[in-house]
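Hello,

Here is the structure I promised to pass on. Please look it over before you read my notes.

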Amino acid sequence: MSIPLVQVDAFTDRRFAGNPAAVCILPAPQSDRWMQDVAREMNLSETAFLVADEDGYSLRWFTPAVEVDLCGHATLASAHVLWEAGYLAPDAEARFHTLSGLLTARRVDGWIEMNFPSESPAPAEAPGDLLTGLAVEPRWVGKNRMDWVVEVASEAEVRGLAPDFTLLGRAAERGVIVTARAREFDFVSRFFGPAAGVPEDPVTGSAHCALAPYWAERLGKKDMVAFQASARGGVVRVRLAGERVILGGQAVTVLEGKLIG
């Protein structure tokens with residue numbers, strides 16, 4: 001069995017930046033074990049698996065360690081591959097059936113806009129390992145169904161974080177988002193997910209499903225531009241639209257190959 005496999009850098013307009021994701025287009029569904037093995041082999045923060053159906057594509061995401069309920073950059077990469085490889089017409093909407101419901105993507109002025117659920121965080125008391133692992137004094141701490149959200153005092157504090165991943169892995173089932181207001185952008189963030197096999201994710205689309213409603217309330221605006229301040233870095237356009245969040249990003253193909261077996 002030979003299966004197309006493409007590696008894409010998402011949330012960037014240049015190679016070797018943003019967040020790399022592998023996209024595997026399957027002729028038929030495969031077992032969870034097989035997909036987890038492929039994701040472990042790829043050793044990227046996410047590998048996306050697509051199977052065509054009557055109304056779009058079934059889409060699942062795996063880190064090297066676990067399957068996740070929601071992933072932005074691998075969805076962006078998947079839509080990019082479907083258009084670039086001719087699976088979809090250039091002006092067609094990409095439709096994905098996922099563990100988080102129907103997600104869609106479309107091309108707009110050289111960017112890809114994705115329609116995702118809003119995942120607003122609620123105030124919550126942080127476990128001790130969380131704040132100790134981050135070594136920060138938070139301005140605010142909260143949680144949604146997936147991640148912890150921690151606001152700190154400054155952009156410099158976000159950029160300078162050097163977390164203890166062992167402690168963070170005990171404190172969060174999926175991940176921890178650390179964020180602050182910024183000067184060049186509306187806000188910055190970083191995402192740590194050691195419990196999911198991803199110590200630091202370079203650019204996390206799903207994290208912005210929490211950050212969009214959080215910062216929209218505090219900044220008094222629904223359209224924002226964010227920067228995820230990892231070593232690779234990436235720009236995410238966000239727009240709050242009721243119970244949905246529109247995430248905008250760019251993507252570039254880096255590798256094309258075939259998976260054997």
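Below are the overall build and then the space inside.

This is a predicted model, where local features need pLDDT of at least 70, side-chain atom pairs count only at pLDDT 80 or more, and totals for chains, interfaces and linings use all residues. Residues are numbered from 1 along each chain as its sequence is written, and side-chain values use heavy atoms, with hydrogens and water left out.

Overall build

The protein has six helices and 18 strands (DSSP runs: H or I of at least four residues, E of at least two, numbered from the N terminus). Its radius of gyration is 17 Å, close to the 18 Å from the globule rule for 261 residues, so it is as compact as a globular protein of that length (C-alpha atoms; the rule is 2.2 Å times the number of residues to the power 0.38). The C-alpha trace spans about 50 × 35 × 30 Å along its principal axes. Of the 261 residues, 57% are buried (under 20% relative accessible area, 1.4 Å probe, protein chains only).

Space inside

How many cavities of 30 Å³ or more are there? The count is one (on a 1 Å grid over the protein atoms alone, a set of points where a 1.4 Å probe fits but cannot get out; lining residues have an atom within 4 Å of a point). The largest cavity holds about 110 Å³ (the space filled by probe spheres set on the points, which are joined across faces, edges and corners). Its lining has 17 residues, with Glu46, Arg174, Phe191, Asp201 and Thr204 nearest the centre. Strands E13 (187-193) and E14 (198-201) each supply at least two lining residues.

Best wishes

Key. 1 Å grid on protein atoms, 1.4 Å probe; cavity = no way out; pocket = protein on both sides within 12 Å on 5 of 7 lines; lining within 4 Å. Buried < 20%, exposed > 50% of the residue type's maximum accessible area, 1.4 Å probe, protein only.
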